[in-house]
Amino acid sequence: MTSGAANVIGPKICLEDKMLMSSMKDNVGRGLNIALVNGVNGDLIDAKSFDMWAGDVNELLKFIRSLHEGTLVFVASYDDPATKMNEEARKIFTELGSKFARELAFRDSWIFVGAKGVQDKSPFEQHMRNSRSSNKYEGWPEALEMEGCIPQRTTEVL
């Protein structure tokens, strides 16, 4: 999983060597790129991008409000993850296990894997602040990258 950075690197979300979202698949965009995955069998449920600079946060909310228990949520930011994000969206991401959703700001880099029904904070999250003093690209922080094994659910929760 990789966040986007400036106009240099596009976001990517991959699971078990299968690309779910990328520039090559032409299914990523500015803002939040989100892939929903069945937590039992690993099948892609849906994948969409949400423009958090000029888009409508209500589209994002429709997408993440009605998740089923055990759904894995993969998020990779690109450009700006936070300008249009409201309190309800931040609360939902926090309930999915995010430690950083409440503090995301303009042009921060953020990658996150959470799940509906988790009890603790996700260990699969990285956040880098947009900071003039430390940005790798003029006006943007560097891309974040994360690899790892996400525990699979052994039974489906209905």
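Visitor: What makes Phe-93 count as buried?

Guide: In this predicted model, Phe-93 has a relative accessibility of 0%. Buried means under 20%, so Phe-93 counts as buried.

Visitor: Why are the rings of Trp-110 and Phe-112 called stacked?

Guide: Two values settle that. Their centres lie 5.6 Å apart, and rings pair if the centres are within 6.5 Å. Their planes meet at 10°, and planes under 30 degrees apart count as stacked, so this pair is stacked. Both Trp-110 and Phe-112 are buried.

Visitor: How many aromatic pairs does the rule give?

Guide: The count is four. One of them joins Phe-93 and Trp-110.

Visitor: What makes the pair of Phe-93 and Trp-110 edge-to-face?

Guide: Here the centres are 5.3 Å apart and the planes stand at 90°. Planes over 60 degrees apart count as edge-to-face, so the pair of Phe-93 and Trp-110 gets that name. This pair also links distant parts of the chain: Phe-93 sits in helix α2 (residues 87-95) and Trp-110 in strand β6 (residues 109-115), 17 residues apart. Ring pairs join Phe-93, Trp-110 and Phe-112 into a cluster.

Visitor: Let's turn to the helices. How do you know that α1 and α2 are roughly parallel?

Guide: Helix α1 (residues 57-65) packs against α2 at an angle of about 30°, and their axes are 10 Å apart. Angles under 35 degrees count as roughly parallel, so α1 and α2 are given that description. Their crossing is left-handed.

Visitor: Which residues make the contact between α1 and α2?

Guide: From α1 come Val-57, Leu-60, Leu-61, Ile-64 and Arg-65, while α2 brings Glu-88, Ala-89, Ile-92 and Phe-93. Sorted by class, the contact has seven nonpolar and two charged residues, with no polar ones.

Visitor: Now the loops. Why is Arg-107 called partly exposed?

Guide: Its relative accessibility is 22%. Buried means under 20% and exposed over 50%, with partly exposed in between, so Arg-107 counts as partly exposed. You will find Arg-107 in the loop between α2 and β6. Its phi is near 60°, a positive value in a residue other than glycine.

Visitor: Where is Asp-79 placed?

Guide: Asp-79 is in the loop between β5 (72-78) and α2. Asp-79 has a positive phi of about 75°, although it is not a glycine.

How values were computed
Residues are numbered from 1 along each chain as its sequence is written. This is a predicted model: local features need pLDDT of at least 70, side-chain atom pairs count only at pLDDT 80 or more; totals for chains, interfaces and linings use all residues. Side-chain values use heavy atoms; hydrogens and water are left out. Rings of Phe, Tyr and Trp (its six-membered ring) pair if their centres lie within 6.5 Å; planes under 30 degrees apart count as stacked, over 60 as edge-to-face and the rest as tilted. Helices (H or I, at least four residues) and strands (E, at least two) are DSSP runs, numbered from the N terminus. Buried means under 20% relative accessible area, exposed over 50%, partly exposed in between (1.4 Å probe, protein chains only). Axes are lines fitted to C-alpha atoms, for helices over the stretch in contact, and angles run from 0 to 180 degrees between N-to-C directions. Angles under 35 degrees count as roughly parallel, over 145 as roughly antiparallel, 65 to 115 as roughly perpendicular and the rest as oblique. A crossing is left-handed if the near helix is turned anticlockwise from the far one by less than a right angle, and right-handed if clockwise. Contact means heavy atoms within 4.5 Å. Ala, Val, Leu, Ile, Met, Phe, Trp, Tyr, Cys and Pro count as nonpolar, Asp, Glu, Lys and Arg as charged, and the others, Gly among them, as polar.
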